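Here is a short briefing on one protein model. Please keep the structure open while reading.

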Amino acid sequence: MLTLSWILALFVSGAEVREINLPGCSHAEPQIWYRAISDEEFVLQCALPDRDATHIYNNSLLKQHKVKWFWRQKDKEPLKAIKESSNPALQGNALWFKPVRDSASGVYICMIREKIPCLKIVLEVQTKKAAKCSGYDTNVLYLLAGSGNSITCPGTKCYSHIEKPDVKWYKDGHQIKHRKSRQSRKLKRNEIYLNPTYGKDAGIYVCDYTLYDNTTKWTMRTAVTVEVIAKTTIYPPNFLYPNGVVILEAELGKPLELECRVQFGFERVSSMRVTWKRNNKENINEKLNQETSVCPKGLRGHTLLHVAKLKEVTERDLRSNFTCFAENSVGNATAVIQLKRKQRVFLLYILCSAISTLFAFLLCTAFVYQHWIEIVLMCRSYLVHNETTGDGKEFDAFVSYAKLDSSESDSTLISEEKFALELLPDMLENKYGYKLCILERDVLPGGAYTDEVVTAIKQSRRAIIILSPAYVSGPSIFELQAAVNCALEDKKIKLVLIKFQAFQEPETLPPVVKKALRILPVITWKSSISAAPNKKFWKYMRYHMPVKTTKMLGNCSLKGFFQRLFSLVY
């Protein structure tokens, strides 16, 4: 039972209590001798003696896993393995004593796989009195940034009766040498001069020098921890968030975190304090769940994030003021967060509404693009006033086409004449209620042809020109020219060109006719599909005809408008 308790105690302590036998190493002669001052920081490195070495230790974890350390206090004692512990601590290929005690004196053996099979080091720890130290400098220095400072090797204050050579300095394991790129740092015997001092000068400085005691060559090693500081702040804490009073939306029954970010100026001995209060009072019976995290400290101070966590927002929370209180040695500051009830907004509904709106918009756009002519006709019928009222004109449109000569029997001309005299009046007059002027039908013979044409055009609101090869190359082209001239004089007269059949423009056409054929809108007649009353051809014809109230409009109420609109969809 006693043995079991001893093994358990050994396991919990994690220290160095296992006897080790190292054949070929236990009886080897020591290779390095160190002296240290008790109760000061000290480091041993597992590295063979090298006068040209530029570094003394490497703190990487990779090195730590390869190094094994052993120790015994006296020669005849068994070796003990040094395991993970707080003092001494294993860091990389080094063994750190923070601090080193008198009891740490002894023989240390280290091994690095494939590099150092056996390195024996003797360490002798002495008190300041035994080492005859006088005016021993502190091993922790605080240097003011931007000013001139010096670092003195504490070990040079010891062994005053022995002459000492120059000191070798190391910073964070690397040897310090004079560099042209750093003129502000100079080495003079046992001191380092910094003018000015920078934040990067902070670190652990190790200084070594050699002394001889009888026939033994000892390396006296001491360490100095340097911290670079700034001037102590003269300002109270500064709130980054919240600034003043901030209103925060919160949802009832949901968890919420209240964040408070505060910037503190530099203080060597920090007395900062940050806490959340409800209604600016600290209630002992109610403890808010609070957490604090600190950003890395710098010469300009540091920023502190303080968070209060509400498990679920209640009505009481909505009525409360949450005050963040921050304090340092100079003064204090406060900031407030007020909670406001958050209206429930469902993102899915918003997304669906947006998609539905977009889909409806695209659908309407496609519908309007497909049926724009029908929509324009309906809107014009219901919303636009009758433009034929009081204009003093007798006809809605004058019809011009290629006239059939008694000597001609072309089937195309017969078809064209049938279109002008039968099909066109049947649709525009009988179906849509327009009044057409057809020269042979509505003008009494006896007058001059040219005068009759001009008079008929002037009495009409539109001039419908049925274009074909026979029209542009025959005498009827005069009617187009007359219509163009009348339209230039009377802005109420507009021309409607129907391409009844493809044609080639003759070179002999008057310039005004050529220009009219180029710039005026043209409606194309397709004999195979355009004859049906519901075809686009007739809708375009109505679009170009004058706006008037006709017998075909029927019910002009809003109900009738929507009935006709829905008929386009279905």
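Predicted model: local features only at pLDDT ≥ 70, side-chain atom pairs only at ≥ 80, totals over all residues.

The protein has 12 helices and 30 strands. Of its 570 residues, 42% are buried. Among contacts with a separation of 6 or more, 70% link residues 24 or more positions apart.

**Surface**

- The protein exposes about 33200 Å².

- Four strands form an open sheet in the order β18-β20-β23-β22.
- The pairing in this sheet is antiparallel.
- β18 (238-241) and β22 (289-294) stand at the edges; each has a single partner strand, so one side of each lacks a neighbour in the sheet.
- On average, neighbouring strands here are turned by 25° against each other, with direction ignored.
- Strands of a sheet pair through backbone hydrogen bonds, in either a parallel or an antiparallel way.
- β20 (residues 256-264) and β23 (residues 302-310) run antiparallel and are joined by 9 bridges.
- Within β23, H306 is the residue that stands opposite C260.
- On β22, the antiparallel pairing with β23 spans 6 bridges.
- One of the residue pairs to look for is Q290 with A308, its bridge partner in β23.
- How many of the 9 residues of β23 are buried? The count is 7, so this strand is largely enclosed by the rest of the structure.

**Y34**

- Y34 sits in strand β2 (residues 32-37).
- Is Y34 buried or exposed? Y34 is buried, because its relative accessible area is 4% and the cut-off for buried is under 20%.
- Y34 and V122 are 88 residues apart along the chain, yet their C-alpha atoms are separated by 6.1 Å.
- V122 is also in the contact list of Y34, along with I121, L123 and E124.
- Further contacts of Y34 are F42, L44, Q45, W218, T219 and R221; neighbours within four places in sequence are left aside.

**S105**

- S105 is found in the loop between β7 (94-97) and β8 (106-112).
- S105 has 17% relative accessibility, so it counts as buried under the 20% cut-off.
- Which backbone atom does the side chain of S105 reach? It is the backbone nitrogen of V125, at 2.8 Å.
- V125 is also among the residues that S105 touches, and the others are W71, Q73, L123 and E124, not counting residues up to four places away in sequence.
- L123 and E124 are touched by S105, and L123 and E124 are also in contact with Y34.

**Helices α9 and α10**

- Two packed helices are described by the angle between their axes and the distance between those axes.
- For α9 (residues 477-489) and α10 (residues 511-519), the angle is about 80° and the axes are 9 Å apart.
- That makes α9 roughly perpendicular to α10.
- From α9, the residues making the contact are I477, L480, Q481, V484 and N485.
- From α10, the contact residues are V512, V513, A516 and L517.

How values were computed. Residues numbered from 1 in each chain as written. Heavy atoms only, no water. Pairing = 2+ DSSP bridges. Helix = DSSP H or I, 4+ residues; strand = E, 2+ residues; numbered from the N terminus. Axes fitted to C-alpha atoms, helices over the stretch in contact; angles between N-to-C directions. Buried < 20%, exposed > 50% of the residue type's maximum accessible area, 1.4 Å probe, protein only. Contact = heavy atoms within 4.5 Å. Areas by Shrake-Rupley, 256 points an atom, 1.4 Å probe, with all protein chains shown as cover. Polar contact = N/O pair within 3.5 Å; in protein donor to acceptor, adjacent residues only side chain to side chain. Parallel < 35°, antiparallel > 145°, perpendicular 65-115°, else oblique.
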